[in-house]
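The structure is shown first, and the description follows.

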Amino acid sequence: METALLVLKAISQPTRLRILLLLAEAELCSCELVELLGVTQPAISQHMNVLRGAGLVSERKSGTWVYYQLQRSNLGQALQWLSRAVLKPRLHANLPTAEWSRLDQLLADRQQNCDAADPQPCCETSKKGCS
């Protein structure tokens, strides 16, 4: 789950997502990314640090130039985990057992005390309310 969180955080920023989409087409040096995205070299460096930290890109140095490549396998693994976790959360999401137990209790209470088609009135009368 930690790796998936790093990947999701990394790709949630629009410029970093744009970088990944460009790198999906070709290996690019940082100066090319500056030109393509219209951002500064320090901004590219900061974005690349996040993307490298998430395992989404690797770099290759050639003289004074740094070239970046997309690491498709790491991105694929994180997206596969997310897909499995959403489809079968109890098998793949790695949430603490106590959270699943609280969810089970909440759902049992809702089934017993609320109209399943419209839980809003039940939420309004509960201690914490819903939002």
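Two residues are in contact when heavy atoms of theirs lie within 4.5 Å. Among contacts between residues at least 6 apart in sequence, 44% join residues at least 24 apart in this protein. The model is a predicted one.

**Overall architecture**

The protein contains 8 helices and 3 strands. Their order along the sequence is α-α-β-α-α-β-β-α-α-α-α. Of the 131 residues in the protein, 27% are buried.

**Packing of helix 3 and helix 4**

Helix 3 spans residues 30–37 and helix 4 spans residues 41–53; the two pack at an angle of about 110 degrees, and their axes are 9 Å apart. Because angles of 65 to 115 degrees count as roughly perpendicular, helix 3 is described as roughly perpendicular to helix 4. The crossing of these two helices is right-handed. Helix 3 contributes Ser30, Cys31, Leu33, Val34 and Leu37 to the contact, while helix 4 contributes Gln41, Ile44 and Met48. Sorted by class, the contact of helix 3 with helix 4 comprises 6 nonpolar and 2 polar residues, with no charged residues.

Ser30 belongs to helix 3. Leaving aside residues up to four places away in sequence, Ser30 touches Gln41 and Ile44, and also Val66 and Tyr68. Gln41 and Ile44 are among the residues by which helix 4 takes part in the contact with helix 3.

**Accessibility of selected residues**

| Residue | Relative accessible area | Class |
|---|---|---|
| Cys29 | 3% | buried |
| Ser30 | 11% | buried |
| Cys31 | 33% | partly exposed |
| Gly76 | 26% | partly exposed |

The class boundaries explain these assignments: a residue is buried under 20% relative accessible area and exposed over 50%, with partly exposed in between. Ser30, at 11%, therefore counts as buried, and Cys31, at 33%, is therefore partly exposed.

How many disulfides does a search of the whole structure find? The search finds 0 disulfides. A disulfide would require a pair of cysteine sulfur atoms within 2.5 Å.

Gly76 is located in helix 5, which covers residues 72–87. Although Gly76 and Ala4 are 72 residues apart along the chain, their C-alpha atoms are separated by 9.9 Å. With a relative accessible area of 26%, Gly76 is partly exposed.

Note on methods
Residues numbered from 1 in each chain as written. Predicted model: local features only at pLDDT ≥ 70, side-chain atom pairs only at ≥ 80, totals over all residues. Heavy atoms only, no water. Buried < 20%, exposed > 50% of the residue type's maximum accessible area, 1.4 Å probe, protein only. Axes fitted to C-alpha atoms, helices over the stretch in contact; angles between N-to-C directions. Helix = DSSP H or I, 4+ residues; strand = E, 2+ residues; numbered from the N terminus. Parallel < 35°, antiparallel > 145°, perpendicular 65-115°, else oblique. Left-handed = near helix turned anticlockwise from the far one by under 90°. Nonpolar A, V, L, I, M, F, W, Y, C, P; charged D, E, K, R; others polar.
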